[in-house]
Amino acid sequence: MTSDSSIYDELGVPRVVNAAGTKTRIGGSLIRPEAVEAMSRAAEGFARISDLQARASELITDCTGAEAGYVASGAAAAMTLGTAACIAGDDVAAMDRLPDTEGRPDEVIMPRTHRTGYDHAIRAAGATIVDVGTNDPHLGTGSAAIEPWEIETAITEDTAAIAYLQKEYTTPLLSKVVEIAHRHDIPVLVDAAAEVPPKANLTRFIDAGVDLVVFSGGKAIRGPQSTGILAGRADLIESAAFQHLDMHAAAEVWDPPRDLLDPSAYDGVPRQGIGRTLKVGKEELVGLIRALELFLEEDQDELVAEWTDRTALLDAELTDVDTLSCETVGGGKVDVAPALHVTVDEDVAGMTAAELVLALRRENPRVFVGADALADATFVLNPMCLTDDEAQYVAERIRENLS
């Protein structure tokens, strides 16, 4: 692995060799050089933020099939804006009161097994989450965790939306949830932050009839880490925009882009909304637009082949370590990036998987591996953010720590 000095070395901050994948806590992914160049050029002048958002909306519309799109400061921010739109709609007074939701439907229904720490983004808009379902499968009873009728039964006059976390194992089927929601004229908000690649997922959710869907701009799309994409119904995107854009404008000269906002529908200029803290700069907007364009042009099969070869390299480097067992997982049509799952024989190794992972993180440079399966004595090596030299370095450090 190259030892060239980096900006992090100059700052006295340990670098990270990233074998964990596109994790926000270690910087997401590597932004595309072309996006960096575009951001640098954007920094040389000015543009109206609403005009850039309108341009981004055009591109998001083209690649998702949605009626409109918007860019926020990360996928979680997009979830907050989407929730705020579902609650306030086109009611300027309601926008002004958020997160106080008095007088507005403010309940967001979620299957209990979809609840994560990220649902704080939903509650930040003032919503109350109503979770439904049970943990029966985890208790071994054999019952389904969430039945569609439980979602339908939870819908009341206070329901603002149904939120759905997209993973291939989540239930009930999204199509069934959409069917139930639309029967009651309730919007569905899908968190698909990490669900690209494959590219087909950009259109998958709108095709399924969801009203709003969220993607990260800083993972596989490789735009600025501080960007997230919100796509969906034009009226909800308009509400999100009104609650996000800088509204410090004199009414006499307020002239936002009509393909993003319709000022004639409002009596005066809305006040600064709950999304004002989630602003996106002109540089990030330009960088995300350029990165998304390049993502759409990218040869996904070529990328998957590269990741597959790198996973095989890691496997080959570790296969003769007698305290480890390795298994390649993923690499199919849905989970397109393969990863190497490495299980530590803790009795023989003299250290636990957690101790090994922690030791790697304390090195300089820090080595980060996936740590979501430590309870099974397993860590994960993800090839997406590695070079071949870095992959060999990761394997070397694993071997060295075990020896």
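Reader: Where does arginine 222 lie?

Author: Arginine 222 lies in the loop between strand E7 (212-216) and strand E8 (228-232). Keep in mind as we go that this is a predicted model.

Reader: What is phi of arginine 222 near?

Author: Phi of arginine 222 is near 65°, which is a positive value in a residue other than glycine.

Reader: E7 and E8 are strands. How do strands of a sheet pair?

Author: In general, the strands of a sheet pair through backbone hydrogen bonds, and the pairing can be parallel or antiparallel. Here, an open sheet of 7 strands shows mixed pairing, in the order E2-E8-E7-E6-E5-E3-E4. Its edge strands are E2 (68-72) and E4 (128-132), each of which pairs on one side only. On average, and ignoring direction, neighbouring strands of this sheet are turned by 25° against each other.

Reader: In what sense do E3 and E5 pair, and over how many bridges?

Author: E3 and strand E5 (residues 159-165) pair in the parallel sense, over 3 bridges. To find a place to look, go to valine 108: opposite this residue stands alanine 161 in E5.

Reader: Which strands of the sheet does H3 touch?

Author: H3 packs on the sheet and touches E2, E7 and E8. The direction of H3 makes about 120° with that of E2.

Reader: Now I would like to see a sheet with antiparallel pairing. Which strands form it, and in what order?

Author: Look for the open sheet of 3 strands with the order E9-E10-E12, where the pairing is antiparallel. Strand E9 (324-329) and strand E12 (378-381) are the edge strands, each pairing on one side only. Within this sheet, neighbouring strands are turned by 25° against each other on average, direction ignored.

Reader: How many bridges join E9 to E10?

Author: E9 and strand E10 (residues 339-344) run antiparallel and are joined by 6 bridges. As an example, leucine 324 has valine 344 as its bridge partner in E10.

Reader: Let's turn to helices. At what angle do the axes of H3 and H12 cross?

Author: To read a helix pair, look at the axes, the angle and then the residues that meet. The axes of helix H3 (residues 49-64) and helix H12 (residues 282-297) cross at roughly 20° and come within 10 Å. An angle under 35 degrees counts as roughly parallel, so H3 and H12 are roughly parallel to each other. Their crossing is left-handed.

Reader: Which residues of H3 meet H12?

Author: On the H3 side they are Ile49, Leu52, Gln53, Arg55, Ala56, Leu59, Ile60 and Cys63, which meet Lys282, Leu285, Val286, Ile289, Leu292, Glu293 and Leu296 in H12. By class, the residues of this contact of H3 with H12 divide into 11 nonpolar, 1 polar and 3 charged.

Reader: Lysine 282 is in that list. Which residues is lysine 282 in contact with, leaving aside its neighbours within four places in sequence?

Author: Lysine 282 is in contact with Ala42, Ala43, Gly45, Phe46, Ala47, Ile49 and Leu52. The C-alpha atoms of lysine 282 and methionine 39 are separated by 8.0 Å, although these residues are 243 residues apart along the chain.

Reader: How do the axes of H2 and H12 cross?

Author: The axes of helix H2 (residues 33-42) and H12 come within 8 Å, crossing at roughly 150°. That makes H2 roughly antiparallel to H12. The crossing is right-handed. On the H2 side, Glu34, Ala35, Ala38, Met39 and Ala42 make the contact, with residues of H12 that include Lys282, Glu283 and Arg290. The contact of H2 with H12 has 7 nonpolar, 1 polar and 5 charged residues.

Reader: At what angle do H13 and H16 pack?

Author: Helix H13 (residues 300-318) and helix H16 (residues 388-402) pack at about 25°, with their axes 9 Å apart. H13 and H16 are therefore roughly parallel to each other, and their crossing is right-handed.

Notes. Residues numbered from 1 in each chain as written. Predicted model: local features only at pLDDT ≥ 70, side-chain atom pairs only at ≥ 80, totals over all residues. Heavy atoms only, no water. Axes fitted to C-alpha atoms, helices over the stretch in contact; angles between N-to-C directions. Helix = DSSP H or I, 4+ residues; strand = E, 2+ residues; numbered from the N terminus. Parallel < 35°, antiparallel > 145°, perpendicular 65-115°, else oblique. Left-handed = near helix turned anticlockwise from the far one by under 90°. Contact = heavy atoms within 4.5 Å. Nonpolar A, V, L, I, M, F, W, Y, C, P; charged D, E, K, R; others polar. Pairing = 2+ DSSP bridges.
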